[in-house]
Amino acid sequence: MRSSLHHCVLQGWGAGYADIVKENKLFEHYYKEQGLVPEGEFEQFMDAMREPLPATIRITGYKRYPDEQAWHTNMSRKIIRKSPLLEKFHQFLVSETESGNISRQEAVSMIPPLLLKIEPHHKILDMCAAPGSKTAQLIEMLHADMDVPFPEGFVIANDVDNKRCYLLVHQAKRLNSPCIMVVNHDASCIPTLQIDSDGKKDILFYDRILCDVPCSGDGTMRKNIDVWKKWTTSNSLHLHGLQLRIAVRGVEQLAVGGRMVYSTCSLNPIEDEAVIAALLEKSEGALELADSSADLPGLKWMPGVTSWKLMTKDGQWFSDWSEVPSSRHTQIRPTMFPPKDAEKLAALHLERCMRILPHHQNTGGFFVAVLVKKAPMPWNKRYPKVLPHKHTHLTDDRYLYVLLDVVNGADFSLEVPKGASVAQEASAKQEGMCGPPPSKKMRLFGYKEDPFVFLTEDDPVFNTIQSFYDLSGDFPKLNVLTRTHEGKKRHLYMVSKELRNVLLNNSERMKVINTGVKVWSRNSDGEEFGCAFRLAQEGIYTLQPYIRSRIIRVSVEDIKVLLTQENPFLSKLEDDAHAQAKKMGMGSIVLKYIPNANNPAEPQCPIQLCGWRGKTSIRAFVPRNERFHYLRMLGVEVFRDKQGLGQKRGDGEKEGKEQVEDEVEKDAEEEEGAGDNETELDLENGDQNGSSKPKTEGGNKETSS
């Protein structure tokens, strides 16, 4: 994108950045003294920090796209959003992001999930997950094989902030996975969960943990301009203890043989190497830093440092704990300094940590360390085992016992009472040992949420669904849930078998915000045609492998008609699809496109759309942005101004959208389009062609949709 257009755009739309004074003398003095930037490069480092961050996008990895899955422009997000010259490109980014086909994510933020080496059977915990870009990557890796609707693994994504959990839900929902659960806990004392294994209760230990902790964020100065004026050394001193407690809680829940990635968007050793060194020292050999130098070829990074100093906000330096006056002992802790013993220090291999500097490859600043668990933590008396293969299960009763949470991450001297059980641990949490109890009462399977209620195999709701869609015998009825105990079921969702296991065994200790993918919605007209539930587009790729009827095979031209016309007559379809539709009764249908390898000009990936067969017409039920996506794939122009395929938002709505975007840009990760979510196309004119239009009962009232 290096062009005269780029120059013109920068001239016209980048001027606002000049008004912000990007200077902080304390910051420069601190990082010059720390020596993290190679000799002679400090000015380049500072110049890069003052430049706007280039916009980067990542293509969803499991939808059979090309290998070049991440791209960056030479323009900032602000320029792309504000420039009239780039309006079409911006529309493309927003709608493709909303439909889950791309993620707008900072380049360095993509690194931690890649270093976790995810496999589809892994049980994964994302400890501080909002706003969710990395969570989306983890989900994509689980679904590496699109032909497997329910991978054996899952992602539990946690965040301490209840409101930010909904941003997380929004990010995750774009990917329509039955293997994600969003929970709301303080990561430093996230509860230990139980699962059933071969008829016995076991502790859930995770194969992979992402520990992307809250940090001072000075690596994000290129994007979060506020950091320039707010940065001070006391930020890192305040955060170090919390970061260490979260990391400790992570490794406690990691299976032996598992990997945990610790990451920050801060360059500060107090938040980075100091936390890792303290964790390694206290682990007494149970943890080691993995050498990840060969895992991301082409990535430029600086090795972790083995010496650093600490500075107070008034400019006073300390090189060792012994120099710190007792009056400062509450603010400054021994774990903030490097280990004194040179031999011990060398054995930690802190050089295996990775620090990414902005000027080396035009990115944000970032720190990442990969930890492998070789043995149980020394303060844990029992022995979790990693799942070496997806078919191996934990069976030993001894894993039922687990340590009470370590309340203070900087002090591991707590003795474990012999035989401390899961029940005791849960009871300790309820007594507030890990901070204040939640301000609102927890409800069954939820936190200010509707309950999650699993259906039984003989639930009467399956009677008509089974016969209408001719579900195959291996359809997992037990994985279907709803969000109400009483009254009519409005929506039916599905989760994977393993997440069902987690939900059923942890109702009292988990604050679940959202889980499952919607597969059916009740509609008022369907009953007279044989089934009161119509298919939901969100869950079609999960559900379709089990459906054996109500499928119409369509061509590229058929899809164009279905996605550009509101209620086309059946006769508008090509002969083959028309003949299939004529034989089919009214009601919900699957419109299925199967690629033809002999015609490479057409899309080479399968397309499945939810539809409705009316009396004389047919329609597709696809959210607007997904509709745009498929039309783009088929070469149809969908720029809204030119084609009228969507209404421009009113000024008020646009302002609200931009406020959402600006708010989210303050986060250390990328997310846009949160205000542009539509679950259905708003086609209000009804069906002039005689189609019976399904109406979803109860509207879209779910707080978590």
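In what order do the four strands of the open sheet lie? The legends below start there, and they describe a predicted model.

**View 1**
The strands follow the order 23-24-25-26. Their pairing is mixed. Strand 23 (551-553) and strand 26 (618-620) form the edges, and each of them pairs on one side only. On average, neighbouring strands are turned by 35 degrees against each other, direction ignored. In general, strands of a sheet pair through backbone hydrogen bonds, either parallel or antiparallel.

**View 1. Strands 25 and 26, with two helices on the sheet.**
Strand 25 (residues 607-613) and strand 26 run antiparallel, and three bridges join them. Look for Arg613: its bridge partner in strand 26 is Ile618. Helix 18 (residues 556-564) packs on this sheet. Helix 18 touches strand 24 (587-593), strand 25 and strand 26. The direction of helix 18 makes about 85 degrees with that of strand 26. Helix 19 (residues 575-583) also packs on the sheet, where it touches strand 23 and strand 25. The direction of helix 19 makes about 160 degrees with that of strand 23.

**View 2. Helix 11, a largely enclosed helix.**
Helix 11 covers residues 273-283. Nine of its 11 residues are buried, so the rest of the structure largely encloses helix 11. Among the buried ones are Glu273, Ile276, Leu280 and Ser283. What do the buried residues of helix 11 pack against? Their neighbours include two helices, helix 10 (233-253) and helix 12 (342-348). They also include strand 10 (254-264), strand 11 (287-289), strand 15 (354-356) and strand 16 (366-373). Glu284 follows helix 11 and has a positive phi, near 50 degrees.

The largest nonpolar core has 115 residues. Ile156, Ile276 and Leu350 have the most contacts inside this core. Leu350 touches Ile276, and its other contacts include Glu273, Ala277, Leu280, Trp308 and Leu345. A second, separate core has 25 residues, including Tyr469, Leu492, Val517 and Ile547. In soluble globular proteins, nonpolar side chains tend to be buried together.

**View 3. Cys265, listed by UniProt as "active site".**
The UniProt entry, which is unreviewed, lists Cys265 for "active site". Cys265 sits in the loop between strand 10 and helix 11. Is Cys265 buried or exposed? Its relative accessibility is 10%, so Cys265 counts as buried.

**View 4. Two residues of the annotated "binding site".**
The unreviewed UniProt entry gives a "binding site" annotation that covers Ala130 and Asp186, among others. Ala130 lies in the loop between strand 4 (123-126) and helix 7 (133-142). Ala130 counts as buried because its relative accessibility is 6%. Asp186 lies in the loop between strand 6 (180-183) and strand 7 (194-197). With a relative accessible area of 31%, Asp186 is partly exposed.

Cys353 has 0% relative accessibility, so it counts as buried. Cys610 counts as buried too, because its relative accessibility is 1%. How many disulfides are there? The count comes to zero, taking a disulfide as a pair of cysteine sulfur atoms within 2.5 Å.

Key. Residues numbered from 1 in each chain as written. Predicted model: local features only at pLDDT ≥ 70, side-chain atom pairs only at ≥ 80, totals over all residues. Heavy atoms only, no water. Pairing = 2+ DSSP bridges. Axes fitted to C-alpha atoms, helices over the stretch in contact; angles between N-to-C directions. Contact = heavy atoms within 4.5 Å. Buried < 20%, exposed > 50% of the residue type's maximum accessible area, 1.4 Å probe, protein only. UniProt positions renumbered as here; feature names shortened; annotations may be inferred. Core = buried A, V, L, I, M, F, W, Y, C linked by side-chain atoms within 4.5 Å. Lists of a residue's contacts leave out its neighbours within four places in sequence.
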